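Dear colleague,

I am passing on the structure we spoke about, with the sequence alongside. Please have it open while you read the notes below.

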Amino acid sequence: MKVGIIGAGRIGKVHAKNISMFVPEMEIKTIADPFMNEQTEAFAKSCGIPNTTKDANDILNDPEIDAVLICSSTDTHSKYIIEAAHAGKNIFCEKPIDYDLEKVHAAINAAKEAG
């Protein structure tokens with residue numbers, strides 16, 4: 001299964017390292033972060049991640065990517081859940097989904113509607 005990771009901060013790096021070391025069934029194709037820099041790119045390469053980007057849409061629009069790990073800041077979680085659901089991706093999201101209960105319900109409903 002090919003996955004993309006949105007968010008290359010602390011928790012994104014934890015998931016990237018764990019997947020690359022312990023989950024051979026998964027291939028991380030791309031990691032995205034708006035603050036992508038040379039250090040994060042080097043980290044990605046050390047985990048065997050071939051692609052880095054500042055734009056999460058590169059992951060969401062990639063038909064080869066089956067699942068998305070949303071590891072960005074909490075204020076972006078519901079937005080990315082909705083976009084990933086519309087893109088037909090399987091979704092893993094760090095907690096909390098959002099601070100706003102209406103956004104939480106919108107994200108859950110988008111995932112339910114997408115199946």
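**Glutamate 41 and its surroundings**

Setting aside its neighbours within four places in sequence, glutamate 41 is in contact with Met36 and Thr52, and please bear in mind throughout that this is a predicted model. Glutamate 41 lies in helix α2, which spans residues 38-46, and its relative accessible area of 34% falls between the 20% and 50% limits, so the residue counts as partly exposed. Isoleucine 59, which is 18 residues away from glutamate 41 in sequence, is 16 Å from it in space, taken from C-alpha to C-alpha.

**The strands**

Strand β1 (residues 2-6) and strand β2 run parallel and are joined by 5 bridges, and within this pairing valine 3 stands opposite isoleucine 28 of β2. Of the 6 residues in strand β2 (residues 27-32), 5 are buried, and the strand is therefore largely enclosed by the rest of the structure.

**The helix pair**

Helix α4 (residues 74-86) and helix α5 (residues 101-114) have axes that come within 8 Å of each other and cross at roughly 15 degrees; because angles under 35 degrees count as roughly parallel, α4 is described as roughly parallel to α5. The crossing of these two helices, α4 and α5, is left-handed. On the α4 side the contact is made by Ser78, Ile81, Ile82 and Ala85, which meet Lys103, Ala106, Ala107, Ala110, Ala111 and Ala114 in α5. By class, the residues of this contact comprise 8 nonpolar, 1 polar and 1 charged.

With best regards

Notes. Residues are numbered from 1 along each chain as its sequence is written. This is a predicted model: local features need pLDDT of at least 70, side-chain atom pairs count only at pLDDT 80 or more; totals for chains, interfaces and linings use all residues. Side-chain values use heavy atoms; hydrogens and water are left out. Axes are lines fitted to C-alpha atoms, for helices over the stretch in contact, and angles run from 0 to 180 degrees between N-to-C directions. Helices (H or I, at least four residues) and strands (E, at least two) are DSSP runs, numbered from the N terminus. Angles under 35 degrees count as roughly parallel, over 145 as roughly antiparallel, 65 to 115 as roughly perpendicular and the rest as oblique. A crossing is left-handed if the near helix is turned anticlockwise from the far one by less than a right angle, and right-handed if clockwise. Contact means heavy atoms within 4.5 Å. Ala, Val, Leu, Ile, Met, Phe, Trp, Tyr, Cys and Pro count as nonpolar, Asp, Glu, Lys and Arg as charged, and the others, Gly among them, as polar. Buried means under 20% relative accessible area, exposed over 50%, partly exposed in between (1.4 Å probe, protein chains only). Two strands pair if DSSP finds at least two bridges between them.
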